[in-house]
Amino acid sequence: MKVLATDREGGRHELSFEEGDTLMEVLTSEDLGIRAECGGCCACATCHVYVASPWLERLPAQSEDEEAMLDTAFEVARGSRLSCQISMTAELDGMAVTVAPDWD
Amino acid sequence: MSFVRNAWYVAGWSARFGRALTPITIMNEDIVIYRTEAGRAVALTDECPHKRLPLSMGRLKGDAVECGYHGMTFGCDGRCVRIPGQSNLPSSAWVRSYPLHEAQGILWIWMGEAEKADPALVFDMAEFEDPRWAVHYGDALQLESNYLPVADNLCDPAHVSFVHPTTLGNAASEDVPIDCRREGRSVITSRWIRNAPPVGFFRAFGNLQGNVDRWHYYYLHAPNVAVIDFGSAATEEALGEAERDRGVRLFALHFLTPVSETRTIDHWMHLRNIGLDDADLGERMNEQFRLAFDEDKQILEAIQEREARPPARRGVKLAVDRGPNYLRRIIAEMIAEEAPQEETKPSVQAMS
């Protein structure tokens with residue numbers, strides 16, 4: 001199963017995943033510049049990505065924690081999700097995501 | 001303004017207040033506290049509305065306060081009862097009177113709208129009245145820090161391994177993950193460190209020699225009350241989460257009172273389930289607490305100094321920040337809830 005990720009420079013990456021991986025784990029298996037500072041416990045918003053349709057609609061709704069952390073992220077848009085909060089399933093095979101801009 | 005007004009704050013230990021006019025400052029408001037002849041505590045704005053002299057520089061006349069400049073006199077409800085040299089008492093001659101509540105040797109003050117001051121909201125715990133527990137008061141520790149980083153520290157068990165290595169923590173807990181959850185307006189962070197050497201505090205007081213199971217549960221009741229439930233038991237006892245009373249167990253209580261944006265007073269005390277008859281034990285434990293809380297003070301004040309300047313870069317967020325994240329969110333909600341009322345003038349108790 002694959003995720004198609006676009007990095008900040010527009011580079012395309014095809015990353016394989018297994019059921020139960022978090023999207024953040026999949027995306028950090030290569031260096032796409034995702035910080036994922038807190039390691040996946042929804043405390044930092046540095047694994048912010050944009051998920052494309054139709055996969056976006058297949059994702060479970062954001063938890064209150066994810067919503068609150070996304071409030072602290074930059075350039076939040078439709079499709080914004082914290083990748084550490086997305087558990088991968090077969091239904092998400094072929095999913096297209098774009099890494100959100102970094103900041104300093 | 002980052003203060004939550006509609007909450008009970010500790011004005012001081014009850015013993016501090018008597019027939020003297022005692023000035024305190026909370027959230028930049030100067031307040032004078034005294035007791036009536038019957039012993040009831042009273043809190044008024046510490047400023048005469050005439051020439052702004054602190055009323056605490058005046059004198060008590062019975063249960064009323066007489067300003068030390070021209071003798072304007074205010075009753076317990078803040079209403080002016082006398083202006084020497086004139087017979088009319090204008091409606092503008094008043095000072096604010098703050099709701100107070102006294103329990104367990106603690107004087108609480110309500111800083112928000114008087115009609116919302118519900119004594120049922122004052123912090124309480126069953127162990128105060130339980131004969132299996134000893135209650136011992138500590139200090140009023142002044143910290144040159146905003147109250148929020150202090151509150152962060154009190155939903156952050158991770159720091160004890162590094163800040164309090166000789167008393168409340170040790171290296172055994174460095175990498176033990178922390179559970180964290182939000183319940184209403186409380187943040188609960190906790191962890192158990194199983195089968196590890198006892199920390200200094202329990203070596204000193206717990207009579208624990210071999211390896212122990214140690215727990216830390218931090219309950220932060222926003223915006224200002226922290227209950228640190230911590231203790232240890234011999235590892236052989238294999239204590240369950242709900243059996244903490246069987247171990248050596250303490251509750252360290254911290255009541256944070258913001259004085260200004262950059263100063264906070266932490267009134268701390270403890271309850272313990274050992275040495276109930278040992279008259280000195282509370283004080284000996286307090287010596288260790290003083291050592292530990294002074295370590296927090298040094299860190300929080302150093303950070304406050306840095307906070308005076310804008311950061312050069314965005315700070316890194318870590319897994320241990322979950323508790324403080326919850327806390328900041330709860331406080332932001334509480335402040336937002338109060339925002340519409342901030343425009344209006346604070347209501348005066350008993351002025352109608």
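What percentage of the 104 residues of chain A count as buried? In this predicted model, the share is 32%. For chain B, 40% of the 352 residues count as buried.

Chain A comprises three helices and five strands. Along the sequence, these elements follow the pattern β-β-α-β-α-α-β-β. The C-alpha trace spans about 30 × 30 × 25 Å along its principal axes. Among contacts in chain A between residues at least 6 apart in sequence, 65% link residues at least 24 apart.

One peptide bond in chain A is of note. Ser53(A) and Pro54(A) are joined by a cis peptide bond, with omega about 0°. Pro54(A) sits in the loop that runs between strand 3 (48–51) and helix 2 (55–58) of chain A.

Chain B contains five helices and 17 strands. Its C-alpha atoms fill a box of roughly 80 × 55 × 30 Å along the principal axes. In chain B, 58% of the contacts with a separation of 6 or more come from residues 24 or more positions apart.

Within chain B, three strands make up an open sheet in the order 2-3-4, with antiparallel pairing. Strand 2 (22–26) and strand 4 (41–45) of chain B are at the edges; each has a single partner strand, so one side of each lacks a neighbour in the sheet. On average, neighbouring strands of this sheet are turned by 35° against each other, direction ignored. Strand 3 (residues 29–35) and strand 4 of chain B run antiparallel and are joined by five bridges. Across this pair, Tyr34(B) stands opposite Val42(B) in strand 4 of chain B.

The loop between strand 2 and strand 3 of chain B holds Asn28(B). Phi of Asn28(B) is near 70°, a positive value in a residue other than glycine. Asn28(B) counts as exposed because it has 12 C-beta neighbours inside 10 Å, and the limit for exposed is 12 or fewer. Asn207(B) also has a positive phi, near 55°, and is likewise a residue other than glycine. Asn207(B) is found in the loop between helix 3 (200–205) and strand 14 of chain B. With 12 C-beta neighbours inside 10 Å, Asn207(B) is counted as exposed.

A cis peptide bond also occurs in chain B. The bond from Ala222(B) to Pro223(B) is cis, with omega near 5°. Pro223(B) is placed in the loop between strand 14 (212–221) and strand 15 (225–234) of chain B.

The largest nonpolar core has 85 residues. Those that touch the most other members are Tyr9(B), Ala11(B), Ile33(B), Ala43(B), Ile109(B), Leu220(B) and Leu327(B). Strand 16 (residues 248–260) of chain B gives the most to this core, contributing seven residues. A second, separate core has 26 residues, including Leu15(A), Met88(A), Met95(A) and Ala100(A).

The surroundings of two residues of chain B were examined in detail. Leaving aside residues up to four places away in sequence, Tyr9(B) touches Ile26(B), Trp108(B), Ile109(B), Met111(B), Asn224(B) and Thr257(B). Ile265(B) belongs to strand 17 (residues 263–272) of chain B. Ile265(B) has 24 C-beta neighbours inside 10 Å and therefore counts as buried, the requirement being 20 or more. With residues up to four places away in sequence again left out, Ile265(B) touches Ala140(B), Leu141(B), Gln142(B), Thr257(B) and Val259(B). Ile265(B) and Ala140(B) are 125 residues apart along the chain, yet their C-alpha atoms are separated by 6.1 Å.

The two chains meet through ten residues of chain A in contact with ten residues of chain B. On the side of chain A that touches chain B, six residues are nonpolar, two are polar and two are charged.

Definitions and conventions. Residues numbered from 1 in each chain as written. Chains lettered and ligands numbered in written order. Predicted model: local features only at pLDDT ≥ 70, side-chain atom pairs only at ≥ 80, totals over all residues. Helix = DSSP H or I, 4+ residues; strand = E, 2+ residues; numbered from the N terminus. Contact = placed C-beta atoms within 7 Å. Pairing = 2+ DSSP bridges. Axes fitted to C-alpha atoms, helices over the stretch in contact; angles between N-to-C directions. Nonpolar A, V, L, I, M, F, W, Y, C, P; charged D, E, K, R; others polar. Core = buried A, V, L, I, M, F, W, Y, C linked by C-beta atoms within 7 Å.
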